[in-house]
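I opened the model to look up its fold, its overall dimensions and its charged side chains. My notes are below.

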Amino acid sequence: WAPERRRTSDFEARPDIEFGYFLAKELGMTVDELTGRMSNAEFVEWMIYYGRRRQEAELAALDARTR
């Protein structure tokens, strides 16, 4: 058995796939475990949560540079 390899373009075309790998790593799971245990609604909420945290960090960094 050999796992199917994802092309880098898959991540570029579907940021949700890349986020799935990020979130699985953060939670100490495989992507398969994550998708089996988490609803799509919760996954989307995690995407929003991390997106907002990233925005806040970017705005804080920008603010620090302009001071």
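The entries go from the whole chain to single pairs of residues.

**Ground rules.** I am working with a predicted model, in which local features need pLDDT of at least 70, side-chain atom pairs count only at pLDDT 80 or more, and totals for chains, interfaces and linings use all residues. Residues are numbered from 1 along each chain as its sequence is written, and side-chain values use heavy atoms, with hydrogens and water left out.

**Fold.** Helices (H or I, at least four residues) and strands (E, at least two) are DSSP runs, numbered from the N terminus. Read from the N terminus on, the order is α-α-α-α.

**Dimensions.** I then checked the radius of gyration, which is taken over C-alpha atoms. The protein chain has 15 Å, whereas a compact globule of 67 residues would have a value near 11 Å; the globule rule is 2.2 Å times the number of residues to the power 0.38. Along the principal axes, the C-alpha atoms fill a box of roughly 55 × 25 × 20 Å.

Of the contacts (heavy atoms within 4.5 Å) between residues at least 6 apart in sequence, 29% join residues at least 24 apart.

**Charges.** I find 11 positive and 13 negative side chains, with the centres of the two sets 4 Å apart. Lys and Arg count as positive, Asp and Glu as negative, and His and the chain ends are not counted. Each charge is placed at NZ of Lys, CZ of Arg, CG of Asp or CD of Glu.

**Salt bridges.** My search of the whole structure gives four salt bridges, each a side-chain nitrogen of Lys or Arg within 4 Å of a carboxyl oxygen of Asp or Glu.

- Asp-16 is partly exposed at 24%, and Arg-14 is partly exposed at 43%.
- Arg-54 is exposed at 53%, while Glu-58 is partly exposed at 46%.
- Asp-63 is partly exposed at 34%, and Arg-67 is exposed at 78%.

Definitions and conventions: Buried < 20%, exposed > 50% of the residue type's maximum accessible area, 1.4 Å probe, protein only.
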